[in-house]
Amino acid sequence: MVGLKGHLPRQRDIERFMKSQVQASNFTTSDSLRRIRANRAADIKDSFLHAWRAYKKYAYGADEINPLTLEAVTTRNGWGATLIDSLDTIHIMGLEDEFKEATDKVRAINFDKNDGEPSKVFETNIRYIGGLISAYELSNDKVFLKQATALADIMLEAFDTPTGIPWQMWDVQTGTGGSETGPSTLNNLAEIGTYQLEFFRLSQLTKDPVYHKAAQRVYDVVLDRNVPKKGSVYSVPGLYPIFIDIKTGKFLSGKPNLGGGSDSFYEYLIKTWALSGYQLQRSLDMWKESLKGIKKYIVSRGSDKRMYMGIGDDEGLDSISDTFTCFFPGTLALASRLLNDSESMDLAHELLLSSYNTFARTPTHIGPENFGFLPDGDDDSDLLLAQRSEIKKYGFYLDRPYYLMRPEVIESIFYFYRITGDEKYADWIWEIWQGIKANCAVEGGFAGLRDVRLGREGGLIGKQESFVFAETFKYLYLAFTEPNVISLDDYVFSTEGHPFKRSFSFNGTF
């Protein structure tokens, strides 16, 4: 409740925020357009069912299916990541039989046992716990809340560290923690700061503050043990380095950015504040402080005059980015509507244009995993000849040209469609979907591309993560349903695309 400077949220501010309308009220409602949109939604739903039926036939209950070999794949402890991550999408699409079958499957899961490998705590939270909470809120079936609570109780053990910052990896059977690189106490910003949304809601649903307190403890330590100082690894207030030692609570390294390893930390500041009914003042204060640094040091205009997001602090900018950063235009647009911040909305739109451009300009209408840009006015002599050529052709160059069905660009365009009511954004999504369908659809669902410049001819990747069902298909589908289906005025989406209801009241206690 208390802000960065020890102040409480003012009631008149809360009342003002409560009046903020996120979604547009001017959606086009002609019969012909409704028919087009309904047909597009049906097409996406059919493709979801194609992928789901392949998963059910060849890998039901497994974490993933390899869409090329049709083999079951264990990547998230064997609890059924795709099964649980998909639940709310299945419910939203009205697939009653599939939802009932999946519910029965979830009921039988025992989270005390796994495949013998450590759990990635962050992924367990966003895919499993978040998926179960959302399924409960949409269906009111208590089995989902029961299972979410059971798993969260197990994962809370990973927060039992000298600082309360969780281990990156946790073995549920041996009760030991570690990191991706071994027994070290290293973790990253996103993987310590992406519990706050799910754990806040779980505390509301169970009336047990233990989950919320564990997630908020992370902020306590980050703020108390790291003071911004020029020339140090943490030099700009609110622009946090990527890597942190969970034993000391001190940042270690990693230049600030909005990409993988950092992204959802910033996302959850504004979203948890909104989900709390605008009560968690510290989250809002941290968001505002971070946004100042982002605007000054992360955002940069490229040689093509578009606005990009790089890696930067007060010592300079590295003009490299990844598809994960493309979540930010949508989140910034959401924050701008909540806070009535027209200046930030303009920036969000500029960032959306560059994010969309990474898809729109390639031959497949699909964007790369990583890309680089040339800051406006900079000399290109340090770039390779091929990079210079691509900047002239696309406005950016492809650093890692593969595509793994990631949702972030689609997600941000979806936000702009729902916020503005402008049909061009839905058309952009449809254009991207046509590229995905033409290049990625296979017997086992949807595969990745090795090179978005070459499409299928460049080779396919046998990978279909659970977020394809949880996020990519959900945002595709919701772009063409009636706008009141999972309205942004009624729900907050988690970083994994799970919608949580905004209607729960919160007065500071659970």
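## Ground rules

Because the model is predicted, local features need pLDDT of at least 70 and side-chain atom pairs count only at pLDDT 80 or more, while totals for chains, interfaces and linings use all residues. Residues are numbered from 1 along each chain as its sequence is written, and side-chain values use heavy atoms, with hydrogens and water left out.

## Helices α9 and α10

Let's start with a helix pair. Helix α9 covers residues 196–206 and helix α10 covers residues 210–225; helices here are DSSP runs of H or I with at least four residues, strands are runs of E with at least two, and both are numbered from the N terminus. The two pack at an angle of about 155°, with axes 7 Å apart. Axes are lines fitted to C-alpha atoms, for helices over the stretch in contact, and angles run from 0 to 180 degrees between N-to-C directions. That makes α9 and α10 roughly antiparallel, given that angles over 145 degrees get that label, under 35 count as roughly parallel, 65 to 115 as roughly perpendicular and the rest as oblique.

The crossing of α9 and α10 is left-handed, i.e. the near helix is turned anticlockwise from the far one by less than a right angle (clockwise would be right-handed). On the α9 side, the residues in contact (heavy atoms within 4.5 Å) include Phe199, Phe200 and Leu202. Among their α10 counterparts are Tyr211, Ala215 and Val218. The residues of this contact split into 8 nonpolar, 5 polar and no charged; Ala, Val, Leu, Ile, Met, Phe, Trp, Tyr, Cys and Pro count as nonpolar, Asp, Glu, Lys and Arg as charged, and the others, Gly among them, as polar.

## The largest nonpolar core

A nonpolar core is a set of buried Ala, Val, Leu, Ile, Met, Phe, Trp, Tyr and Cys residues joined through side-chain atoms within 4.5 Å. The largest one has 160 residues, and Phe328 and Ile436 touch the most other members. Helix α6 gives the most to this core, with 10 residues.

Leaving aside neighbours within four places in sequence, Phe328 is in contact with Leu258, Trp287, Leu291, Ile294, Met309, Leu351 and Ser412.

Glu123 sits in helix α6, residues 121–139. At 11% relative accessibility, Glu123 is buried (under 20% relative accessible area; exposed is over 50% and partly exposed in between, with a 1.4 Å probe and protein chains only). Not counting residues up to four places away in sequence, Glu123 touches Arg76 and Tyr128.

Asp141 is in the loop between α6 and α7 and is partly exposed at 25%. Tyr234 is 21 residues from Lys255 in sequence, with 8.7 Å between their C-alpha atoms.

## Two positive phi values

Most residues other than glycine have a negative phi. Leu70 has a positive one of about 65°, in the loop between β1 and β2, and is buried at 17%. His365 has a positive phi of about 60°. His365 lies in the loop between α14 and β14 and is partly exposed at 28%.
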